[in-house]
Amino acid sequence: MRIYFRELKANFKSLLIYCGIVVFFVVVGFSKFSGYAENPEILQVLDAMPAAMLDSFNMNAFNLTTVVGFFGVMYAFMGLILGIAAVMWGSDIISKEERDKTVEFALTLPVKRSTLITAKTAAAFTNCLILALVTWGMNWVVAGNYNPDQEYYRFLTQGMTVLVLLQFIFLSIGVFLGSVMKQHKRAGSVAISILLGTYFLSVIAGLKEEWDFLKYLTPFKYFDPSLILHESRIEPVYLWISLGIIIVSLAGAYITYSRRDLYI
Amino acid sequence: MNIFFHEFKSYLKSAGIWSVAIFLIILIYFSAFNTIAVEAEDITRLMSSFPEELLIAFGMNNMNFGTLLGFFGAVFLFCQICLAIQASNYGFSMLSIEERELTADFLLPKPISRGKILTAKLLAAFLALTVTNLSVWVSSFFVINLVRDGRDYDTNALVMVLGTVVIFQLFFLAVGMVISLLMKRVRSVIPLSMALAFGMYILNIFGNMLGENTFEVISPFTQFDPNYIINNGSYNYPLAMISVSVILIAIPASYLLYQKRNVASAV
């Protein structure tokens with residue numbers, strides 16, 4: 001328990017910074033939205049765009065002139081920001097002990113290594129939850145200026161719940177990398193490459209029909225916002241893949257970390 | 001000279017990986033070009049019937065996926081993200097790594113001035129970035145010629161777009177370096193460089209969504225917008241000057257800051 005609170009405190013500053021970014025992003029985003037709001041001409045332009053291009057920006061299936069549609073487009077960017085935060089926290093929270101040379105101290109405490117991982121993962125997950133809550137709250141408050149209907153609030157809440165799952169996927173990948181990478185310094189850069197790689201994949205997957213199978217490889221494609229909006233569900237197959245990734249990564253982290261040869 | 005070679009060697013692997021990544025991005029995107037181009041040609045015709053102001057508001061007035069260069073503009077943006085992350089990574093880590101790994105204790109007692117150390121490191125990082133820069137040039141020409149399929153493109157405009165890379169890289173290198181010197185201690189580099197690169201990228205997206213120039217002009221992504229260069233056949237000089245002056249301020253400032261820096265040591 002102490003490790004948990006200690007980690008929360010240590011990561012508090014980073015959490016504040018990410019919250020600041022999200023707040024800024026939502027406020028600026030919605031200020032841009034005021035140009036779209038209830039502007040039928042823009043809808044005409046969007047209808048004329050090539051489907052592949054709109055797909056790659058996640059812009060089809062949404063009517064940009066309504067709050068709901070605008071949030072649907074912003075959703076992909078929010079997923080990216082929250083994903084970056086999660087994967088960074090996940091990889092950093094394990095590997096920083098070796099980087100800052102505090103691992104000797106942490107591991108001489110009378111706790112098992114697995115307890116350490118549990119506490120650290122829980123702390124990072126708490127941060128992810130707080131960040132998602134802040135994003136949710138900001139979108140709730142800022143959108144209020146545009147008199148959204150009930151549907152928006154439902155979409156927002158369901159969408160953010162799903163983003164928490166996305167965060168948890170990336171968090172567990174980060175924790176896994178932090179425990180597995182032989183060189184602790186590499187963990188962060190590998191984590192980021194995975195995040196960026198999957199993001200590019202999610203963009204590419206929409207470009208060409210033959211590349212459709214790529215969507216199974218990138219968590220960013222697992223949670224289709226238009227499906228959440230229109231049918232308020234996600235494809236069960238993606239849910240299983242997500243759970244699979246989380247379980248495998250976390251199990252891998254526990255197993256490898258308990259026999260890790262630490263760099264001291 | 002020793003420092004220079006030592007530094008450059010430590011960058012080689014990373015510069016190679018980034019070069020390959022950028023090559024793959026360009027290649028993969030362009031392999032979808034022929035599918036999209038057919039569709040896009042119809043769209044372009046359709047879009048020309050819309051009022052100009054509306055298209056400007058979307059930043060779509062200068063988007064043309066039907067042509068090789070129009071498509072290249074979209075692909076190049078992704079290359080820019082990679083270049084930005086790489087350059088800011090180097091900038092943030094260049095000097096801070098010595099303090100983090102406690103090797104400053106070894107480096108600074110050597111009979112060389114701090115200015116010389118900084119020069120050697122800066123040149124090495126710049127050379128490593130130039131390796132990636134070259135790869136961007138080669139990959140772009142190679143891939144475009146691979147998929148052009150008899151289509152023509154304006155070589156001049158392509159050269160101009162690629163010419164921005166060097167300033168673009170220097171901007172992130174210099175800004176990263178100066179921030180790392182302003183900080184008391186840089187614990188880890190990647191969160192910082194991600195924040196710098198993605199922050200600038202997101203600023204640019206917002207700028208594109210509605211074309212009013214406010215604070216997004218500080219973003220090199222806006223200053224070196226490939227679509228602008230391709231369509232106008234010239235750089236956006238007033239905006240480009242912002243980057244150049246930032247570089248010209250940041251580098252001398254780094255020398256000053258590094259000379260006076262209270263370097264953390266092991267003991």
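Two residues count as being in contact if their C-beta atoms, placed from the backbone, lie within 7 Å. On that basis, residues 24 or more positions apart supply 81% of the contacts in chain B that have a separation of 6 or more. This is a predicted model, in which local features need pLDDT of at least 70, side-chain atom pairs count only at pLDDT 80 or more, and totals for chains, interfaces and linings use all residues. Residues are numbered from 1 along each chain as its sequence is written, while chains are lettered from A and ligands numbered from 1 in the order in which they are written.

As for confidence, pLDDT is the predictor's own score for each residue, from 0 to 100. Chain B averages 85, with 87% of its residues at 70 or above. Helix α8(B) (residues 165–182) comes out highest, at a mean of 95, and α3(B) (residues 52–58) lowest, at 53. The complex gets an ipTM of 0.75 and a pTM of 0.83.

Chain B has 12 helices and zero strands (DSSP runs numbered from the N terminus: H or I of at least four residues for helices, E of at least two for strands).

Helix α1(B) runs over residues 2–31 and spans 43 Å from first C-alpha to last, close to the 44 Å expected (1.5 Å times one less than the number of residues). Even so, α1(B) has a kink of about 35° centred on L12(B), the bend being the angle between axes fitted to the seven residues ending there and the seven starting there. Among the buried residues of α1(B) are E7(B), Y11(B), A15(B), W18(B), I22(B) and Y29(B). An α-helix has 3.6 residues a turn, so residues three or four places apart point the same way.

Technical notes
Buried ≥ 20, exposed ≤ 12 C-beta atoms within 10 Å, placed from the backbone.
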